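Subject: Structure for your files

Hello,

Here is the structure I said I would send. Please look it over before reading my notes below.

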Number of protein chains: 2
Amino acid sequence: MGFEGADPGTVRPGGRTARVRAAVLRAAGDALAEGGFAHLDLADIARRAEVGKTTVYRRWGTVTILMADLLMDMAEQSLPRTETGSLLGDLKANARLVQRTLADPRQGALFKAMIAAATCEAKTAEALRRFYDIRVKEWAPCVQQAIDRGEVPEGTDVHEVIRAVSAPLYYRLLTSGDRLDEAAADRAAEAAAAAARAGAYLRGQEGRV
Amino acid sequence: MGFEGADPGTVRPGGRTARVRAAVLRAAGDALAEGGFAHLDLADIARRAEVGKTTVYRRWGTVTILMADLLMDMAEQSLPRTETGSLLGDLKANARLVQRTLADPRQGALFKAMIAAATCEAKTAEALRRFYDIRVKEWAPCVQQAIDRGEVPEGTDVHEVIRAVSAPLYYRLLTSGDRLDEAAADRAAEAAAAAARAGAYLRGQEGRV
DNA sequence: CGATTAACGAAACTGGAGTCCCGTTATGGG
DNA sequence: CCCATAACGGGACTCCAGTTTCGTTAATCG
């Protein structure tokens with residue numbers, strides 16, 4: 001008697017199963033970028049992926065679970081980080097990378113949809129959190145280097161500085177219709193650098209008023 | 001022969017029509033706060049509002065249009081702005097207000113849902129944009145006063161400073177599961193103030209690298 | 001206060017998203 | 001290479017969100 005609790009796709013993950021997963025994730029990305037997260041249904045994704053809709057329902061079940069899987073997949077493809085030797089230079093490189101990603105029609109729509117989906121389902125929210133944790137950890141060392149150089153005060157929360165670069169770009173993407181241009185990216189980097197130098201991201205200041 | 005193009009609710013807006021609108025918007029807010037924007041259907045809202053579902057479908061038609069209406073309604077209820085005499089004090093007051101709103105279970109869920117809905121429908125996105133434009137314009141004068149006092153350089157984009165206060169709070173709300181506490185609010189205000197003083201929000205610097 | 005008709009609401013209807021059944025394909029172990 | 005069975009896929013089925021129909025209630029105007 002076999003172990004019936006095993007999820008489909010876990011016992012024979014090679015060959016066809018892997019091809020189906022790749023095709024479905026690809027199709028899901030296309031559909032999300034086009035129609036947004038609301039008018040998304042698994043039957044349509046199955047059609048695009050040229051896969052039986054039964055398969056999609058069996059392996060993923062709901063739109064939000066599929067999106068969590070897609071997010072995991074995206075998290076694995078990490079982009080190389082450049083080093084410029086100054087905090088402002090590094091933060092600008094990061095800001096430009098985020099800005100280019102969000103300004104790209106397909107990617108931008110994809111990220112918007114992901115954030116929307118995360119507001120609806122805990123599973124997806126958790127996947128999104130992990131995705132950004134990975135990205136933030138990748139870039140945090142450049143702030144540590146700035147601390148070592150004496151550019152930024154000791155005790156600065158390095159992760160918070162990286163998040164501060166992305167925050168205004170995402171805020172603009174989500175709450176205004178304005179285009180995300182390079183000026184916005186540079187401004188985000190400059191603001192984060194200036195605030196970090198001024199000691200705005202010091203840890204353990206919670207009690208202070 | 002009457003004008004057939006008039007939308008329902010526009011010719012006789014008083015009495016029952018107004019009561020129905022209030023009840024439906026109220027119910028929509030409750031439903032959003034509980035279930036999030038994905039598992040939302042108009043039939044359920046009609047039930048909560050003790051109103052015929054036909055009415056809801058006729059007057060709003062889709063979830064996103066209803067949410068746009070709810071957003072308009074929320075935009076009208078504006079909170080009074082306090083003045084403390086210093087840029088940091090004013091920005092902290094603003095940050096605390098935003099933080100309290102987003103940390104509140106009902107309101108926080110509501111805002112998340114609104115942002116999610118705006119990613120799916122242009123109409124809702126436009127309503128959301130207007131909502132934040134109003135809020136930002138309300139608070140911008142405190143930055144202008146800081147410019148007049150010489151705290152912040154001439155030529156600073158006052159709206160951008162206000163947005164910079166909210167951005168990290170919204171970013172945290174949407175991309176991490178962490179609680180929004182007062183420390184986060186204060187840090188957002190301090191960072192925005194420091195960056196503004198350093199001239200990070202000067203207008204017309206687009207060409208600069 | 002009475003007539004007009006805007007707006008509401010109950011009930012029947014419809015289409016398609018999501019489920020179930022069962023036959024087919026091809027993976028991975030022996 | 002072959003077998004057991006994991007995983008896929010077509011097609012029938014179900015169920016409910018959203019629509020249509022038509023009768024009822026009440027807002028506005030004189």
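The notes below go from the single chain to the contact between chains, and then to particular residues.

Please keep in mind throughout that this is a predicted model.

**The chain**

Chain A is built from 9 helices and 0 strands. Read from the N terminus, its elements run α-α-α-α-α-α-α-α-α. The C-alpha trace of chain A spans about 60 × 45 × 35 Å along its principal axes. Chain A has 209 residues, of which 47% count as buried. Taking the contacts in chain A between residues at least 6 apart in sequence, 68% join residues at least 24 apart.

**How the two copies are arranged**

Two copies of a chain are related by a rotation about an axis and a shift along it.

**The interface**

Chain A gives 37 residues to the contact, and chain B gives 37 residues. Between them the chains bury about 3,400 Å², with 63% of that on carbon and sulfur atoms.

On the polar side, there are 2 residue pairs in polar contact between chain A and chain B. Four helices of chain A, namely α6 (105–118), α7 (122–149), α8 (158–175) and α9 (182–197), each supply at least two residues of the side that touches chain B. The largest share of that side comes from α8(A), with 9 residues.

The interface of chain A and chain B also has 2 salt bridges. Side chains of opposite charge can pair when their charged atoms come close. One salt bridge joins the side chains of Glu160(A) and Arg187(B), at 3.4 Å from N to O. Another is formed by Glu160(B) with Arg187(A), where the closest N and O atoms are 3.4 Å apart. This pair crosses between chains, from helix α8 (residues 158–175) of chain B to helix α9 of chain A. Glu160(B) is buried, with a relative accessible area of 15%, and Arg187(A) is buried with a relative accessible area of 15%.

**Salt bridges within a chain**

Over all chains the count is 34 salt bridges. In chain A, Glu34(A), Asp44(A), Arg47(A) and Arg48(A) are linked in a network of them. Within that group, Arg47(A) pairs with Asp44(A), with the closest N and O atoms 3.5 Å apart. Arg47(A) and Asp44(A) are separated by about one helical turn, because they are 3 residues apart in helix α2 (residues 42–49) of chain A. Arg47(A) is exposed, at a relative accessible area of 58%.

In chain B, the side chains of Asp30(B) and Arg106(B) meet in a salt bridge of 2.5 Å, N to O. This pair links distant parts of the chain: Asp30(B) is in helix α1 (residues 16–35), Arg106(B) is in helix α6 (residues 105–118), and the two are 76 residues apart. Asp30(B) is partly exposed, with a relative accessible area of 22%, and Arg106(B) is partly exposed at 31%.

**Cysteines**

Cys120(A) counts as buried at 8% relative accessibility, as does Cys142(A) at 0%.

**Two residues in helix α4**

Asp69(A) lies in helix α4 (residues 63–76) of chain A and is buried, with a relative accessible area of 18%. Its side chain is joined to that of Arg21(A) by a polar contact of 2.6 Å. Not counting residues up to four places away in sequence, Asp69(A) touches Arg21(A), Leu25(A) and Trp60(A).

Val63(B) is found in helix α4 (residues 63–76) of chain B. Val63(B) is buried, at a relative accessible area of 19%. Leaving aside neighbours within four places in sequence, Val63(B) is in contact with Phe37(B), Leu40(B) and Leu42(B).

Regards

Definitions and conventions
Residues are numbered from 1 along each chain as its sequence is written. Chains are lettered from A and ligands numbered from 1 in the order in which they are written. This is a predicted model: local features need pLDDT of at least 70, side-chain atom pairs count only at pLDDT 80 or more; totals for chains, interfaces and linings use all residues. Side-chain values use heavy atoms; hydrogens and water are left out. Buried means under 20% relative accessible area, exposed over 50%, partly exposed in between (1.4 Å probe, protein chains only). Contact means heavy atoms within 4.5 Å. Buried area is the accessible area (1.4 Å probe) that two parts lose on being put together, summed over both. A salt bridge is a side-chain nitrogen of Lys or Arg within 4 Å of a carboxyl oxygen of Asp or Glu. A polar contact is a pair of N or O atoms within 3.5 Å; within protein, one must be able to donate a hydrogen and the other to accept it, and residues adjacent in sequence count only if both atoms are side-chain atoms.
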